[in-house]
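Dear colleague,

I am handing over the structure below, and I would be grateful if you could look through it alongside the notes that follow.

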Amino acid sequence: MDYHGKIAVVTGGAGGIGRGLVVALLTRGASVVIGDIETTVLNETVSELSSMGQVRGVRLDVSDSASVEAFADDIYGNEGRVDLLFANAGVTSGGGGLPWEQEINDWRWCFSVNVFGVAGTVLTFLPRMLAAGTPGEVITTSSGDGGVAPVPHASVYAASKAAVSCFTEALAHQLQKSEAKVGAHVFYPGGGLLDTGLWTAQRNRPETLARVKPRPPAPGTTFAEFKAQLEQLGLPADIVDLDWLGMKVLEDLDEGKFILGPNIEKFGPLLHSRADAIAKGELPPTLLH
Ligand SMILES: NC(=O)c1ccc[n+]([C@@H]2O[C@H](COP(=O)([O-])OP(=O)(O)OC[C@H]3O[C@@H](n4cnc5c(N)ncnc54)[C@H](O)[C@@H]3O)[C@@H](O)[C@H]2O)c1
C-alpha cells in the first residue's frame, strides 16, 4: 500500500504500541492524528515525531462518546477524511488476580476503554469513512490474551479482548459482504515482551471507577512476574522494539492479512487443542497452557 498522502488516526498513540504504529505510519509517508487521554505525553510525542512528517495530537477519552464525536469532528474539519483508523487505546483491569476478587468497577473501567472505547471509535468513524466512498482500513488492537485464549489471572482484560476480536471479525465479514471499499483487521501485539505503559494503566483510571477495596497488584500481574512466567514456559521473553512492531503491522496490512502482528502462527497448535477440547465438551487450555 502506498501510505503517502493517507490520513491515519491512532487512538492511544501517545505511548507504547500506538506510538510504534505512529512511527511506522510516518516512516511510510502517512499523515497521522493521535488521540490520547494523556495530554503531556501526547504533546511530547508529537514534538518528538514532528520531524518525521505530518503529525498532530488531540486530547481524547475513548470511553466518552462526546469526546470521540468531537475527535472525529476535529479530524473531518481539519484533515477532511480518514483512510486508516487504528482503534488501539486500551487498559488493563486493575491488577487482575482471582476472577472473583475483581470488582464491578474493574469491569466497568476496562470495558469502558477496551470495549465501548473501541466500538465507539469504530461506530463514530466508520460511517464517515464509508460515506466518503474511498478505500480505507479499520484496525482494532486486541490481544492473544482473550483474542486467542484467556490468561486466567487476567479474566476481565481477556473478556474485553475477546469482545474486540469477535466484534472485528463480524465487522470484517459484513464489510466484505457489503462490498465496501473499507476493510477491517485485528492486531495481536506480540513477538516477545512488550515493555509499555499497559503495566501502569491505572494511571489513567478515573476516580469514579476506583476500586472499592484498594489493594496492591495481584501476584503474577507485574511486568517482572509476567516476564518470569514467559521464561518458565519457554515462550519468547525478549523485549520487542515497538517501532519494528508498528512496521510489521503495516507489512501485514500490505499483504492483505486479516490478523496483523508477529508470530501468529504460534497460536495454531494451541487453537487446535482448544478446538479439540471444546468439541469434547472439556475445559480448553489457556494462553499459558
Ligand atoms: N503491552 C502488551 O503486552 C499488550 C499485549 C497485547 C495487546 N496490547 C494492547 O495494545 C494496546 C496499546 O497498549 P500498550 O501496551 O501500548 O499500553 P500503553 O499504556 O503504553 O498505551 C496505551 C495508550 O492508550 C492511552 N489511553 C488509555 N486510556 C485511554 C482513554 N480512555 N482514551 C484515550 N487514550 C487512552 C494511554 O494514555 C496510552 O498512551 C492496548 O489495546 C492493549 O490492550 C498490549
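Just after helix H10, Gly281 takes a positive phi of about 75°; helices here are DSSP runs of H or I with at least four residues, numbered from the N terminus. Please bear in mind that this is a predicted model, in which local features need pLDDT of at least 70 and side-chain atom pairs count only at pLDDT 80 or more, while totals for chains, interfaces and linings use all residues. Residues are numbered from 1 along each chain as its sequence is written.

The number of its residues that are buried (20 or more other C-beta atoms within 10 Å of a residue's own, with C-beta atoms placed from the backbone) is 0, so H10 lies largely in the open.

Leaving aside residues up to four places away in sequence, Ile34 touches (C-beta atoms, placed from the backbone, within 7 Å) Val10, Gly13, Ala14, Val22, Leu42, Thr45, Val46, Val55 and Gly57.

Finally, helix H4 (residues 104-114) and helix H5 (residues 116-132) pack at an angle of about 25°, with their axes 3 Å apart; the axes are lines fitted to C-alpha atoms over the stretch in contact, and angles run from 0 to 180 degrees between N-to-C directions.

With best wishes

Key: Two residues are in contact if their C-beta atoms, placed from the backbone, lie within 7 Å. Helices (H or I, at least four residues) and strands (E, at least two) are DSSP runs, numbered from the N terminus. A residue is buried if 20 or more other C-beta atoms lie within 10 Å of its own, exposed if 12 or fewer, and partly exposed in between; C-beta atoms are placed from the backbone.
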